[in-house]
Amino acid sequence: MDFIHDDFLLHSETSRRLYHDYAAGEPILDYHSHLPASDIAEDRRFQNLCEIWLEGDHYKWRAMRANGVAERYCTGDASPYEKFYAWAGTVPFTLRNPLYHWTHLELKRYFGIGELLGGTNAEYVWDRANECLQRSDLTARGILAKFRVRALCTSNDPCDDLAQHKAIAATGTECKVYPTFRPDDALLIHVPEAFNEWVNRLEQASNREVTSLSSFLDALKQRHDYFHSLGARLSDHGLPHCYATPCGDSEAAKIFADARAGKATSTDEQERFASLLMLFFGRLDAEKGWTKQLHLGPLRSVNTRALRDLGPNAGFDTIGDARQVADMCAYFDLLDRESALPKTIVYNVNPADNYAFATAVGNFPDGSIAGKIQFGSAWWFLDQKEGIESQLNALSNTGLLARFIGMVTDSRSFMSFPRHEYFRRILCDLLGREVENGDLPDDEQLLGTMVRNICFENARQYLGLELTPAIEKRKEPSART
Ligand SMILES: [Zn+2]
C-alpha cells in the first residue's frame, strides 16, 4: 500500500466515514493565498517540477539549508533539475516535518506518484511529473478546477491596478478570483524612503495628489472602494503586533508631513501613526461589511547577511515572542466603542498564544453574525498536524468549533491545494476518535453537518464572496459500514 492511501491519517472507522462521506466532497474556498493572479489570467503552464514546486518555497529552502545544502541549490543559479535533485535528496531527512506529508500528498494528487521521494528515484519522479505538467488539468486554471476551488483570494498591495483580476473575471472562470487589500506598506512611515516611494505609487494608482494626511487617507479609501468594486471582501495585515495607541489627527498630520519631508520618525511616532491607520482601515472594512485578517507575531528577516543577499521572505523568519493579546484586545475595543469593529480573523504564529487568542476573539460578539471574530487556522510554522490539532482544541475548549470558517493554503505555490485535504483528514480524525471513545455522540447527522460547515459552508456564509452557482452535485453519504 502506498504511504498516501485512502485512509491516510484516519485512525478510526468514524474518522474515515466523516472524511469520505462529508469532508472529501466539499469544494474549496481559499480565502487567503499569495498566488499571482497573472498566472491564472494567462493560465500558466509550468515547464517543470522545479517551477511549480520549489520556486519561492521558503519551507523547502529551510529544510535544505538545515540539511547542509548550499544556497545555490535553494535560491541560487543551479539548474532546475539540480535544485530538484537537491530537494529530493533532502526529503528522506524531513521525516516528522510536515514537508514529508505535504510532499507525498502533493506527488500523489498531482501526478499519481505513490513512491517515497529520495535521491535514488529523483530522475524518474522529475520525468514523470514534467510529463504530467503538460496536461491541461495541471495548468494554473486546470488545477483550480481539478481541486474544485470555488473562490481564491490573492494578496494585493493597494496600488495594484488589479488588471489581472479584471482579465480573469472577463473570461468567466468557475473559480472566482478576488483581490485582498493588504496595505502593509502604508505603515512604513519609519522608513521614509520606502514610504515616500510607496506614497508616490499610491498617488498614481488613485489618480490624486497626496499632499497631506487627509489626502493620504482619501487615496487609501479610493483604493479600498476600487477593490470592493472588483468583488474584494477581505483585507489583510501582517503585523508584529496590533497597534492601539491613540493618536490625534493633528499629531498624525505632523508625523505624516515629517515623513514626506524625508525625516525619520521615532518608534513611538510610528506606533501612533500605525494605530491611527489601523483604526482607519478597521472603519473602512466595517462600513463595507468586509472581513479583516490579522497575521500577528513573526520576527522577520533576523539574519542580516541573508536579508542583504536574498531579500525578505527567503526563510529567515522565526516565531516572535512579543506580547500580543493586550494590544489586540485594545485594538478591537477602540473599534467596538465606535461600532466600527469589522468581522475579523486573527492568526497567531506563536503556539503559546493559542488559548489567549482563542479567548480574545470571544469578547466582541455581534448578535447578527455567528463567530464574528474568528481564531484563524493554524498558520505558518503551526500549519502541521500537531499545530492544527492544537488550534482546533483551543478553539473547541474556549469557543465554538462549529462556527469555525476553516482552512486556507496561505501559499505561493499551485501545488498546495491538498493542504485542505490534509486539514480535513486531521479534523475528521480528531472528531472520529472522540466519537469512538464516547466523548462525542455517535450522531452522524450532527457531526457530518459540522464537518461540512467547517470545510466550506461557514466560510461561504461568513465572508459573503460572490461565487458562481455550483455545478457539481454533492457526494451523498455512502453505504459503508
Ligand atoms: Zn499569508
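Let me begin with burial: a residue is buried when its relative accessible area is under 20%, exposed when over 50%, and partly exposed in between, using a 1.4 Å probe and protein chains only. F195, at 0% relative accessibility, therefore counts as buried, and F256, at 2%, is buried as well.

The model is predicted: local features need pLDDT of at least 70, side-chain atom pairs count only at pLDDT 80 or more, and totals for chains, interfaces and linings use all residues. Residues are numbered from 1 along each chain as its sequence is written, and side-chain values use heavy atoms, with hydrogens and water left out.

Rings of Phe, Tyr and Trp (its six-membered ring) pair if their centres lie within 6.5 Å; planes under 30 degrees apart are stacked, over 60 edge-to-face, and the rest tilted. How many aromatic pairs does this rule give? The count is 28.

Consider F181 and F281: their centres are 6.0 Å apart and their planes at 70°, so the pair is edge-to-face. F181 belongs to strand β3 (residues 176-181) and F281 to helix α13 (residues 267-288), so this pair ties together parts 100 residues apart in sequence. Here helices (H or I, at least four residues) and strands (E, at least two) are DSSP runs, numbered from the N terminus. F181 and F281 are both buried.

F195 and F256 have ring centres 6.0 Å apart and planes at 85°, so they too are edge-to-face.

Finally, F181, F227, F280, F281 and W290 form one aromatic cluster.
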